[in-house]
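Below is a short note on how the two chains meet. Please read the points against the structure.

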There are 2 protein chains.
Amino acid sequence: MALYVQKYGGTSVGTTERIEAVADKLKAFHDEGHQLVVAVSAMSGETNRLIGLAGAITDNPSPREMDVLVSTGEQVTIALLAMALEKRGITARSFTGWQVGIKTNRAYMKARIEDIETDKMRDVLNSGGIVIVAGFQGVDDDNNITTLGRGGSDTTGVALAAALNADECQIYTDVDGVYTTDPRVVPAARRMDTVTFEEMLEMASLGSKVLQIRSVEFAGKYKVPLRVLSSFKGGNGTLITTEENNSVENPVISGIAFNRDEAKVTVQGVPDIPGVASRILVPVSDANIEVDMIVQNVSEDGSTDFTFTVHRNDYQKALKLLTELAEELNAKGVNGTDDICKVSLVGVGMRSHAGVASKMFKTLADESINILAITTSEIKISVVIEEKYLELAVRALHTAFGLDAEVSEEQ
Amino acid sequence: MALYVQKYGGTSVGTTERIEAVADKLKAFHDEGHQLVVAVSAMSGETNRLIGLAGAITDNPSPREMDVLVSTGEQVTIALLAMALEKRGITARSFTGWQVGIKTNRAYMKARIEDIETDKMRDVLNSGGIVIVAGFQGVDDDNNITTLGRGGSDTTGVALAAALNADECQIYTDVDGVYTTDPRVVPAARRMDTVTFEEMLEMASLGSKVLQIRSVEFAGKYKVPLRVLSSFKGGNGTLITTEENNSVENPVISGIAFNRDEAKVTVQGVPDIPGVASRILVPVSDANIEVDMIVQNVSEDGSTDFTFTVHRNDYQKALKLLTELAEELNAKGVNGTDDICKVSLVGVGMRSHAGVASKMFKTLADESINILAITTSEIKISVVIEEKYLELAVRALHTAFGLDAEVSEEQ
């Protein structure tokens, strides 16, 4: 008997028929004697429907009220799934974020989970019932409803698994595992049986959409074994572990991630004095804009160009903010662009293999792709390039690093 | 400057355009310096959509999960209305039932409000903001979400007005006031400028759908001045007061209510011994079935036929329950029907006028309508008749008691 936390995404619960199919699946696990806590997303399309209602009223809705609005989506799903389980003779109890004490900070629309109460869930589990929890949502200390941002239901699942010390957190989704890269871009992409947290974290942070990054961070931090599986196909999916795969065939690069949601902002010609970076980045952070890559070049006249990348949704906001700050910073100007993307090689094997970066740059150069910025970490190399080269770059790198699946002639 | 609690029903907030129209109306009141607390229903159609989702999964959903499900409807409205107000430069803050501490008992789907916290609402009002509260919902002592049953948003409005000691509770709806009877049945029906709580209570309890009965009880008990107005037309609507209208023209009968949602159950031939009524009605009450009229006839053999009426929705449940109880009660049998209706004359003027009942019975007899049961109170006479005679009975009584509007030839 194990305690599993399972998370079902919007597509998996997209219709009442699919909710019934999830209930069948849960019943099978329950019949095997497992304890189940289930985190669910809104039915697919529902969150967008709600956002559309808000959009019909205002272009600039209050984040607090947006969270009140969109959090209803998951609340609908938990009730329907509990009903479907009860119809199958299984005791089930639904809980919204606040009902199960998912405490977050007050960063509306991108809140972070700070604490989860487990008493009520334990009561239901101990009496043989299944616990259904609304993903994506929580409540702050003042009882304001918060949401964790898009994909936040994954984080809910992992946080529940950590709080309950579950045996495994299983993320059911519409893909059957983690691939070496997006199969829509590279048809030869391969599903990985296992991937390390570090790699997965880099993949997620770099735009691989299988799991939300915070869910991976959470899982790594609390050592929650995390598995990505398909709601529709069978299979064991991909297990995300702390174990490195030490087999001889272990490739240097595990996967290639990419991200189109990029924009870059450059503050030109600011005096190169101590503190200038924080004078630029603190206001950005205060405006709740997350900064990704940061590049600073010193020019010969003692001034510096300071470039950073942000999510494309925050681009206009960041540009406006820095344009307002430019005078105060004695900057020569502010510019930016949002037709860029980021492509990253990820792999724990990089640690023991030199030459990955040079092979990457050569591969891109052979395709005449210009690199606009570079960052590296111990297990990752990222480059910013023009968005139009994205597919070309990913396919060339996937082949160059030996990631392509061996396709038999029969297929 | 006054403190108004206003309630807007599902039709009034049925689209984002109508929500914006409500925001315009609220802005006008706010600009005049009034303090506003607004209770809203789900957008029209939304509650039925949610019930339809549940119905696609099960015919017998758990009441607890139904409340989790349907309470999302009002939560959507509060967020959208708050956004519409903020767009107009007004501070607005939405609250779900649990957020504003609307404590109820645990009678899912027909819970009763026990307490409301006012601190958070006062804070918003004192800072010049408008408070938006989800109608129809609350939370029990164990933080389970509850709903007050259909029409419960009226009760929310009145309970908020009572808790806040508001100057008036204004129920905005799709009719422009309380009429002498339903104008769809009697085109000559007249809007009343005022009606007493007692009369309104009888009208509501007898099926007049303008206000939910519990909202009128609440308003009467806490002396909350209650006004029914149209969201769409202008006008002063109908004020429900503690004052009787003592003018000479005061009619003996104020209005005629009727109710199609009736069913009757008869337990035949139970021994006529002390306690038999409670042995029948306590299990019915325990099953959360509300009993309306009760008629007991003693027959000559020492047994009695015991008849009561219930809401038509509870008919099958009541019939099944009593069929199971019949043996234990030594009853000869149980039967019932749901093709009946109730027609009632209401008026505080009855107190000082004899002959109302006999005039009523004669009017019905003249139309050859058979009376199946009668109950009376100080200001009301109700008869149960076959449903097919409903319109005929109401029109004949409306004319006989002088309630018809004077229609000018031009109209």
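1. Contact set. In this predicted model, 44 residues of chain B are in contact with 44 residues of chain A, contact being heavy atoms within 4.5 Å. Local features need pLDDT of at least 70, side-chain atom pairs count only at pLDDT 80 or more, and totals for chains, interfaces and linings use all residues. Side-chain values rest on heavy atoms, without hydrogens or water.

2. Buried area. About 3500 Å² is buried between chain B and chain A, 61% of it on carbon and sulfur atoms; this is the accessible area (1.4 Å probe) lost on putting the two parts together, summed over both. Of the area that chain B buries against chain A, 21% comes from I57(B), M83(B) and W98(B), more than from any other three residues.

3. The rule finds two salt bridges across the interface, with a side-chain nitrogen of Lys or Arg within 4 Å of a carboxyl oxygen of Asp or Glu as the criterion. E46(B) and R49(A) form a salt bridge through their side chains, at 3.6 Å from N to O.

Definitions and conventions
Residues numbered from 1 in each chain as written. Chains lettered and ligands numbered in written order.
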